Structure formats: structure tokens, C-alpha cells
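Student: I would like a close look at one part of this model. Please keep it brisk, and give the cut-offs as you go.

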Amino acid sequence: MVGIVSYGAYIPIYRLKREELSRVWAEAPQSGEKAVANFDEDSITLAVEAGVDCLNDTPRDQVEALYFATTNPPYKEKLSASIIAAALDLRGELFSADFATSIRGGTMALRTAMDAINAGSSKNALVVAADCRTAAPNSESEHIFGDGGAALLLGKDNVAVKILDSLNLTSEFMDFWRTQADRFNRTWEDRFITEEGYQKILPEAVKKLMQRNKLTPKDIHRAVFYAPDARRHQAMARILGFDPNTQVQDPLLGAVGNTGAASVLMALVAALEDAKAGQKILLANYGDGADVFLLETTELVEKIKDRRAIKKHLAAKMALPSYGKYIKFRALMEWEAERRDPDRSALTVLWRERNQVWRAHGNKCKACGTIQFPIQRICGKCHAKDNYEEVRLSGEKGKLFTFSMDERAVVADLPNVMSIVDFDNGGRFYCILTDRDPAKIEINMPVELTFRNLHDGSGIHNYYWKARPVRC
Amino acid sequence: MEKSVAIVGAGQTVFSRGCGQSVRELCFEAFREAMDGLNLKTEDIEASVICSAPEYDKQRSPAGVIAEYLNLVPKPTFYVETICSSSSTGLRVGYALIKSGLHSVVAVVGFQKMSEISSREAAERMGRGGDIMWESPFGVTMPAGYAMYARAHMAAYGTKPEQLARIRVKNSSYGALNARATFRKALTEEDVMKSAAVTLPLKTYDCCANADGASCIILASKEEAARIAKVPIWVLGLGAATDSTTLSNKKLYTGLSCAREAARQAYEMAGVGPEDIDVAEVHDCFTIAEMMAYEDLGFARSGEGSRLIDEKQTYIGGKIPVNIDGGLLSKGHPIGATGGSQLRTIVKQLRGQGETGQVEGAKIGLVHNIGGVGIYGNVTILGR
């Protein structure tokens, strides 16, 4: 039976306290905080992080399909999944697709992946959902929206969570949307979209699934369901008949925010981190209809270890000190023009060096084992010629060998920390240090690589690897 | 000790931030001083080597226009470049032209006009001296590069920012006396320590500034030198070496491998050691660069460069006076002209014509000139 084999998640390191938003806009204070992507992160990089976490103990070349869900793909036209697949160093013979226009995308991808495996067209599939939605300044959404991602690996063998049943509704109901011209979300009148949409469509789907499986709410160990915000989440628990104290999974709205297409899958990952064998989980997602799933854990769910998932990522955080920094990170204002145009990106070069740029491949000398980056045809140590294999450096741990802090660089977050990293297993790498507290950077501190948007130029998002202090 | 090629003339312009001259006018001014007092006609110069880093001014292939302006046509001319050490490389090329017997008198002209572009553009071009695929796109600048060395030196040897500041204090004390320096204010340790962060641990006064300027060295064969100049200064030792451009392939971060290798070659060729050097000009593009030069050149053991400055041994009167013209830190750093200016200062010292103080009885002098973040190392030993 098809099911979830592995899971992972990602939450950006920065958190903005909602009281800072209240302070800036002189409103009654709201509690909690939201996760905010660093200036070099977007839905693609969040997805890569979640994917890396999920594939922790899976050989990358075994993944046969990748489904990516977001409401905010960095490119309007251009497959995001292809970039995610490259950064994850997946193989070229891969089915991939984006689900990019609905907050229900995460479970659309899950259902599609499940069907592909059931149909036998693919042995396994990686489902990644990540969102990085920018809310209009001083809007209600600005308090609610947060950034994050989740990943699930589906397969038929070694299933940790069986998918017993699923049911889907499609609805043309208009509640929130963005046209091609819109940067920020639009919604219809609040009470209408809640009472006629969310509170009717989602319960209808849940009820049908429960009836079909002859279940009552008390048969469900954990109910994981989408809600636009915390107040409506509580109301939905009552409507569905679940005890909010014992049965309902925290949807992370207080500590992370509403992460759009990733929201319900992140909550599911949080539920799986605490799950024991033989528990029934209801997963219900909403948006342009509803997707509901009946899940049941196996004993393998307790064996999934070494994931940062939700718990560790929640705990490892840094405060975003001000709204000013927030609008800079999310590019919410127009800034002083550069004195010169950004460099033009050479796509020919990017293509030629794609294994190094996207996949962080260095080379390892077959004669003496020396690892080098960038790839050199001649070994720097033993001078063997064209006698090397490419090795993936993105998962390597290393130490900060030396660094500098540029206070004059043209970047959204000063200082720009240039760093030289020595990998524990060999190889030296030069890059920018991100997700760092400038006061705490030290030579020899443990660091790891993370896939980021280096800069935007010539209409292109230029992705590459940076280092960061080992997150958790 | 071989005396086969001599510097017979040396000149330089005032170094400044934003001069009102074109590159050819700058070059002429340096050329005129180099020719001053020589028994040499322009038409007897058999070749010219033009040195600068490209893309700071609009002139592509500047050798032709400069040779024309200096009236060196129809003699051969060409362009050499190793970024900040271009004119030391020019000296090496000139030496080879004479030693090979191809020519007997050669002019080496270095220039740079950096004020035609903004400081930000200049920083970007400097960055592109490094690897343009794997490094400069991430925003690496010269201070960011050298700051990594500073961190590593501090971590390895406990070097303190105050000790780096003392290097600037020393150089500024001589820069105050140098009529051709861009910065002529004597700074205190407090001034340096309080200056704004550029790329920590380097602050504003730990860094040299972009400048406009030109330099010129006239080289002559043994046979011609005695006829042309009253006091020829002999090129006794030449060293040149290269380290990997990519920062990830560099092994050493507490010193410059290219400088150590160049120094070894130059000492060996001249048959002298660090203890024989009476006065030195080193490439202090940043204070940490001078600190590392003390150690790379053997004036101090590794990690002990800071003691040299603490004990003021690199002032005139100390064991080994260094950068007594103010260095790049005071003079400014017009990339292609810098090496020629350093050579000129040592030539003046060896002739007993020091302009910012004289090291009494100086017989052997050394020039250390580096291109890029430790890419091209050049060490030249001169003697009377």
C-alpha cells in the first residue's frame, strides 16, 4: 500500500514578533511571531531545504518523481521543480511538476504522487511544498502569513504512514486570489468567505470521508487541518467535532504563520514527529475545494530519526529586529538606485558549470583522494590528469577557516560575510555566510551549505550555495 | 652579485584622488622626471613597456597612445599587466629585454587613472581581478579578501587591531612629509582605531585609497648605464611568483605564498639575505599586508611581525625601515603606477636623495609589490 516513507521540513531562521507589526502600525498588540525568509530565500530555496531534510537517508539517485507546490513560484514561466531537483542533485530521468496556483497545492501534489505510485508509473515520489507569500503592508495578512516548507517521500516499501483513503472536492468558490497583475492577495468579504466557503466545503469533504470509512471523530488520533488563522482553526475543530486539547494538531499559526501551500503539510510533519505506531490521522486541506486523507501510522514512523523537521527548526531561531529589516528582506520598498546596473548573467556559463552551480559538485582525485572546488581537471596535490569523480559537497559539514565582514557591500543585510570553509572530509570552499549573527561568528565554527538566491540580475534569479553556521 | 642591468632614471607624478590630467599627460609627467639629469635622448630609448590594469579608463590598448605621446614612436611598445604589481612585472620584462641583448635602454611606464569611474565601480573591477566565476560575483572586494588574512593572522598569532593601526601611524608619519602623497595627515593610533568599519577587522584607515598617478623607470645595460647616469642603481635580484587565484585553492592565509617564493628567488639571485636589506618598500595596500610582508620577507619570523612594529623597528633608525615614503596607505594606490613609485623611493634612498628622510648609508634596498589578493608576488632587490 502506498504511503509516506520519510518526511522533512524547513522553517527560516528569522522570526518577526507580531507586536513589532502592531507597534509600527499603531494597532492593538497581537501575540506570537511569524517565520520570515531571509533576503536570499524564496519558495524554491525553502523547498530545497525541506527536501534535503526529507532525503536525509535516501540515496538521491533513487528518487523517481518530484512534485512541488507553492503559490509563489519565483518564475511565472519556468519550472521551479527543475531547479529544486538540480539543487537536490536528483537524476535527470525524473518526472517533475509544479502545482503553483492554489494553497491546496501541497495536497494536490500528494494525491497526484499517490496516484502515480498506485498506477505503477513511479516507484516513489518526493512531494515538496513551500511558500513565501508577501502580504501587503498593514494588512491583516501581514500578521498571518509566514514562510516555510515541508517534504514527504512517498513509496510502497518501508511505509511509515499508510494512506488508507482520500477524497477530493473541487469548488469554483472565489474567496482569495491574485490576478497576473497583483502582487498581494485579494479577498472577498470575510464573513461570506468563511461561512459559505471554508466552513461548508471542508466539513463536507471530511464528513464524506469519515462516513465512507465508518469512522467517528473519536477514532481519529490526530486531526491535521488547514485554517486561514488561529481563530478559524478553533472554530473548525468544533465544527468537525474534535477535542481541541487532545486531538487537534497545532497548525503552527502562532509560531510560524500561515505558510500557504505548505501549511497543512508542515502541520502533518509536526504530527508525525510525535506519532506512534497504529494511529489514525486525518489530513484535511482547503482551497478551491478540499482534499482529505485518512492516514495510519506503522511502527516505522517511530524509526524516522535525524530530521530537523518542525521541532528543531522551530527552536533554532533568530529575531528579526525590526520592521525595517523585514521590508528590506521582502523587498517591500523601492530603494536608492544602484550606481551601476547589476552584472549580466551569462547563461551559457551557468549551463556549462551547472553541476558546480546547482549541484555543488566538486571533484575528488581518484589517485590521491584530494577534493577540490571548483572542479579542476588536474589534481592540485598529485597532478593526476582527468582522473577524478564528481562529489556532492552540499551535504558536507565543515569549519569556518577564515572570514571577513564587509560593511560596504551592496546587499540587503550588512555585513556581507565572506568566508572560506574547510570541509571535514576535505575540500575548501569560498562563499558567503548567511543566517548568521555577526557578533557570534568565529573561526573554526561548524558550518554547512545552504542553497540560496545569490542575487537577481538581468531578470534571472541566480541561485548558488552559501554557508551558514550549523543550524541545529 | 651581478650588475648587468641598472635603473638610471626614476620618476613619478603626484598621486591624487581625481587629477585633472589624461593618462598620457600623467605618463609624460613621470617620464619627464625619470629623464631629468640623464645623459640620454628620447630617441635613444629602444623600447617601452606600458603597465596598468585595464578597464579603469576608456583607453583600450594604451601602449600605443602613451608611446606616441612620449615620442617613443617608432620603437616597439607593448602592455603588461599583473593588476597592482603591473609595473614590477614591467621591470622584469625590461630587465629581460636588456639582459637578452635585444635592447640596451628601455622605459617602463606605469599608470592608472581610477577617478574616471565611481569608487563602487572600481571596487567591482578590483574584485574581478579575482576569479569571475566562483568569487567576484559573490561580491568579494580587496578589503574583504585581505580581511580574511587579517582574521587568520589574528587567530593564529594573536595579532591585535592596535598593532595593525601602528603600521598606519608609522606610514602616515612619513606620508605627512611626502609632497606626492594623496594623504598627508599624520594619524594617531586612536584615529585609526576609531575609523569606520570597511570589512572588519579592517577599518577605513587600515585601507589604502584608489588614486590617479603614473611612474616611470628607465633601465639601461651595464655598458650604457655608466654613460647615462651619475649613480646607476643596479637590479641585483628579481623574484616573481604566482599563487592560485581562487581563494579556495590557497593554502596559506597567515602570509602570502607568492611573496615568500618571490623573496626566496630574489635573495638567491642577489646573494643576500633579509639581514642585508637597509631599506624596504612593501605593498601595504592594507595594514595587514605590511604585517605579513615583514614575515614573508624574513624581516621577522612568522607571527612576530607585530613585535617589529611595536618596537618601532620599521621606522628610520630601526632595524629595517619600511615604507618611509608613506607607503600605499599614504601615497594612494594607482594600481599600475605603484610598483614604479616604490622602486623610485628605493632608488632615491640608495642615491642618498631621500625625500621623506634618509636611511644613512643605505646600500641595498628591497621592493615588495603584490598583484591581487596574493596572486602575483614580486620582489626586487636593488643596490648601488
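Student: How far apart do the C-alpha centres of domain 1 of chain B and domain 2 of chain B lie?

Tutor: The two centres lie 23 Å apart. First, the ground rules. The model is predicted, so local features need pLDDT of at least 70 and side-chain atom pairs count only at pLDDT 80 or more, while totals for chains, interfaces and linings use all residues. Residues are numbered from 1 along each chain as its sequence is written, and chains are lettered from A and ligands numbered from 1 in the order in which they are written.

Start with the division of chain B. Domain 1 covers 5–117 + 211–233. Domain 2 covers 130–204 + 235–383. Such bounds come from an automatic or database domain assignment.

Now the contact between these domains. Domain 1 of chain B brings 38 residues and domain 2 of chain B brings 32. Contact here has a plain cut-off: the C-beta atoms of two residues, placed from the backbone, lie within 7 Å. On the domain 1 side, at least two residues each come from β1 (5–12), α3 (86–99), β4 (105–112) and β7 (213–221) of chain B. These labels are DSSP runs numbered from the N terminus: helices are H or I with at least four residues, strands are E with at least two. With 7 residues, α3(B) gives the most to the side of domain 1 of chain B that touches domain 2 of chain B. By class, that side holds 21 nonpolar, 14 polar and 3 charged residues.

An open sheet of 9 strands runs in the order β3-β2-β4-β7-β1-β8-β11-β10-β9 (chain B), and its pairing is mixed. Strands count as paired if DSSP finds at least two bridges between them. At the edges stand β3 (77–80) and β9 (279–281) of chain B, each pairing on one side only. Ignoring direction, neighbouring strands of this sheet are turned by 25° against each other on average. Angles run from 0 to 180 degrees between N-to-C directions, and axes are lines fitted to C-alpha atoms, for helices over the stretch in contact.

Look inside the sheet. β1(B) pairs with strand β8 (residues 233–242) of chain B in the antiparallel sense, over 2 bridges. One residue pair to check: B:A6 has B:W234 in β8(B) as its bridge partner. Helix α9 (residues 257–270) of chain B packs on the sheet and touches β8, β10 (364–371) and β11 (376–383) of chain B. The direction of α9 makes about 145° with that of β8(B).

Then a helix pair. Two packed helices are described by the angle between their axes and the distance between the axes. Helix α1 (residues 23–35) and helix α2 (residues 62–69) of chain B pack at an angle of about 50°, with their axes 9 Å apart. That makes α1(B) oblique to α2(B). The scale is this: under 35 degrees is roughly parallel, over 145 roughly antiparallel, 65 to 115 roughly perpendicular, and the rest oblique. The crossing of α1(B) and α2(B) is right-handed. In a right-handed crossing the near helix is turned clockwise from the far one by less than a right angle; anticlockwise makes it left-handed. From α1(B), the contact uses B:V23, B:R24, B:C27 and B:F28. From α2(B), B:P62, B:V65, B:I66 and B:Y69 take part. The contact of α1(B) with α2(B) has 7 nonpolar residues, no polar ones and 1 charged.

Finally, the side of chain B that touches chain A. Here 27 residues of chain B meet 28 residues of chain A. Elements α4 (119–127), α5 (142–157) and β5 (197–200) of chain B each supply at least two residues of the chain B side. α5(B) gives the most to this side, with 7 residues. The class count for the chain B side is 16 nonpolar, 7 polar and 4 charged.

Methods. Ala, Val, Leu, Ile, Met, Phe, Trp, Tyr, Cys and Pro count as nonpolar, Asp, Glu, Lys and Arg as charged, and the others, Gly among them, as polar.
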